[in-house]
Amino acid sequence: MIFPTRTSYANQKGKGTHRALDRCTQFARRFKYVLQCDVKQFFPSIDHAVLRETLSKMLPDESVMWLVDKILASGRGVLSEEYEMVYFPNDDLFALQRPRGLPIGNLTSQWWANCYLSPFDQFVKRELGCRGYLRYVDDFLLFGDDKSELLKWREKAIKRLERFRLTLHEGGAYPKPVTEGVPFLGFQIFPDHRRLKPRKGYAFRRKLSHLVKFAPHEKVNASLLGWINHVRYGDTFGLRRFMLNEFGLLAKESIHV
């Protein structure tokens, strides 16, 4: 039976963004290099036949598969405008008609996305023998001490992803020293510290500026507290204090930096 593996951190109880960040930091302290990869057009590319086969192994009771088929049918072509056709080995012209795509917001889509790449996770761990690997939805990291080995793993990963009718974004998918920082889940992760990506800080500043002007106090507080509780997982004390001070929120008793 196939279930999301322990190396997958999205949409699972006891996992999540912050656990993934912690695991990334652990690997950045253990290994010299990181290979960062992300799947191109992941949700629009999910092939219904491949997903159904995977789910049938996870749910061997055929009485459940009728519901799976019904949900899959409802999502057919939902992201077709975002999909750029890719032909894989042995494809014919009818490959264009293959049902694909999952609606991103559905709870089943989030869970099924984990299941879809679970066999790939096992391939990386068991066949490639990568001891430093983690995935969050369609972003995954491979850590190692040998650049040439990571490059070989990259080529094998690309080949294996063909089985799932998936491709990688080409840009940046090359080994880099962990000391340069690992961009992952909105942070830049170094072996000894984490920084929030600048664009994330700028984006929230624009949002907060709008909320302070037009939203009720309770909504401002809720948004601000949610942001603070997230970014405190990085070295952001100065940023948090600056943001609160800029909008005159530093002295409010309900807000703690």
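Student: Is Leu96 buried, partly exposed or exposed, and why?

Tutor: The terms rest on relative accessible area: buried means under 20%, exposed over 50%, and partly exposed in between, with a 1.4 Å probe and protein chains only. Leu96 counts as partly exposed because its relative accessibility is 44%. This is a predicted model, where local features need pLDDT of at least 70, side-chain atom pairs count only at pLDDT 80 or more, and totals for chains, interfaces and linings use all residues. Residues are numbered from 1 along each chain as its sequence is written, and side-chain values use heavy atoms, with hydrogens and water left out.

Student: Where is Leu96 found?

Tutor: Look in the loop between helix H4 (65-74) and helix H5 (107-127). Helices (H or I, at least four residues) and strands (E, at least two) are DSSP runs, numbered from the N terminus.

Student: You mentioned salt bridges. How many does the count come to?

Tutor: A salt bridge is a side-chain nitrogen of Lys or Arg within 4 Å of a carboxyl oxygen of Asp or Glu. By this rule, the count comes to eleven. Asp69 is partly exposed at 30%, and Arg52 is partly exposed at 28%.

Student: Which salt bridge has Arg160 in it?

Tutor: Arg160 meets Glu127, side chain to side chain, at 3.2 Å, N to O. They also link distant parts of the chain: Glu127 lies in helix H5 and Arg160 in helix H6 (residues 147-161), 33 residues apart. Glu127 is exposed, with a relative accessible area of 56%, whereas Arg160 is buried, at 13%. Salt bridges can also link up in a network, as Asp47, Asp91, Arg98 and Arg165 do.

Student: Now a strand. Are the residues of S2 buried or exposed?

Tutor: In a regular strand, side chains alternate between the two faces of the sheet. In S2 (residues 132-136), five of the five residues are buried. Gly132, Leu134 and Tyr136 are on one side, Tyr133 and Arg135 on the other, and both faces are covered.

Student: Which strand is joined to S2?

Tutor: Two strands pair if DSSP finds at least two bridges between them. Five bridges join S2 to S3 (residues 139-144), and the two run antiparallel. Leu134 stands opposite Leu141 in S3. The two strands form a hairpin with two residues between them, and Val137 in the turn has a positive phi of about 55 degrees.

Student: What does Gln41 touch, leaving out residues up to four places away in sequence?

Tutor: Contact means heavy atoms within 4.5 Å. Gln41 touches Glu82, Tyr83, Glu84 and His169. Gln41 itself is in the loop between strand S1 (33-38) and helix H2 (42-45).
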